[in-house]
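Thanks for sending this one over. Here are a few notes to read with the coordinates open.

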Amino acid sequence: MTATFDKTSPAVAGGPPVGDSPLDMAGLSWILFGHAAFQYLNAASELDLFELVRDNPGLTRAEIGAKLQLAERATDVLLLGVTSTGMLTVDSGRYHVAAVLEQLIDTDDWQRFKDTVAFEQYVVYEGQLDFTESLRTNSNVGLRRVRGTGRDLYHRLSENPHMESVFYRYMRSWSELANQHLVEKLDLSATTRLLDCGGGDAVNAIALAEANPHLSVTVFEIPPTGPITEKKISEAGHADRISVITGDMFSDPFPQGFDTVMFAHQLVIWTLEENTTLLRKAYEALPEGGRVVIFNSMSNDEGDGPVVAALDSVYFAALPAEGGMIYSWAQHEKCLSEAGFRDFQRIPFPGWTPHGVIIATK
Ligand SMILES: C[S@@+](CC[C@H](N)C(=O)[O-])C[C@H]1O[C@@H](n2cnc3c(N)ncnc32)[C@H](O)[C@@H]1O
């Protein structure tokens, strides 16, 4: 049977391919134009369209155009996109926000979602143009599109102030989308000193310190990020219990004297060999009985999902460093074994991001 590509077919108006149903032409067309669907989301996010329609349900096309100060044709394009993709609904010429967005807007996660949209647009998007070449060469060819001389994306952020602020706003939000589960599931009652390797702006260090008043945390970060980390710690009022050590976790020795070492959104960046190296350094720095914590998105051991893990892996393959991806639970556990750790505990988190944690013991 020949597949037909009929853009007027009601099937094509459906959503992207999901679950176990076989891919059809509608799903394939969503993939084909996935980048354009994202542009409607990004434009609506930047124009605050969803907030406008949520606060004023039933606005007409002309009213939306006037409020957003868009020309008629521009309004037509935007509304064609956001209605056909299901983000707005229209009934008798009056627009409403889709239920999923309406619910999200009412939560603290709304700004986190918008920060993620901005990250996809201003950090991820361009580098993905080099995805095929990154696969061919098994390295992050997309980094060539980021101005600067730093050896990886993180060492180039300080050379690109707009990208740096979008990145750290997103990183905080992406962590916050899942770290309440980290706080809940990670029992730190017997931990007094935790090392947060590549801890970014201390978003997870702060959450863990606030939930565990006896705990002190040290964030190990590269020198250009140190001031960002210090600022957030001081704004949170935790300079007495959270400190920063700047250095390079690959070339410098790991700081000593910690009973737990955490890698949060860290072991998705590097190759599996580099992950084993980092875990071995953590193992050597820990006392007997000390623990390592891996907190990030995980893919399944079958290598076929979840889809958010797959879509996020394009970025990690093409841009930040030589080679990373959303690895499977089993791949992390293999690295942990090779580094000497035992007693692995897998804890998948609920929610739309594929986050989870693995805890292992020396
Ligand atoms: C993906 S971010 C994760 C930040 C934070 N852990 C979080 O979950 O929000 C990775 C962080 O690792 C830091 N990093 C990268 N290379 C590093 C290195 N060689 N030594 C120490 N930190 C590094 C980056 O500066 C960046 O802040």
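**Notes on the predicted model**

1. Let's begin with helix α1, which covers residues 25–32 and holds Leu28. Please keep in mind that the model is a predicted one.

2. Next, the overall layout. The protein is split into domain 1, spanning 33–104, and domain 2, spanning 178–361.

3. The largest nonpolar core has 51 residues, and the members that touch the most others are Val123, Phe167, Phe254, Phe263, Leu279, Tyr315 and Phe341. Helix α10, residues 161–176, is the top contributor to this core and supplies 7 residues.

4. Phe341 is worth a look on your screen. If residues up to four places away in sequence are set aside, Phe341 touches Leu279, Ala282, Tyr283, Leu286, Val292, Leu336, Ala360, Thr361 and Lys362.

5. Is Thr276 buried or exposed? Thr276 is buried, since its relative accessible area is 6%, and the limit for buried is under 20%. Thr276 sits in helix α14, residues 272–285. Apart from neighbours within four places in sequence, Thr276 has contacts with Cys335, Glu338 and Ala339.

Key. Residues are numbered from 1 along each chain as its sequence is written. This is a predicted model: local features need pLDDT of at least 70, side-chain atom pairs count only at pLDDT 80 or more; totals for chains, interfaces and linings use all residues. Side-chain values use heavy atoms; hydrogens and water are left out. A nonpolar core is a set of buried Ala, Val, Leu, Ile, Met, Phe, Trp, Tyr and Cys residues joined through side-chain atoms within 4.5 Å. Buried means under 20% relative accessible area, exposed over 50%, partly exposed in between (1.4 Å probe, protein chains only). Helices (H or I, at least four residues) and strands (E, at least two) are DSSP runs, numbered from the N terminus. Contact means heavy atoms within 4.5 Å. Domain bounds come from an automatic or database domain assignment.
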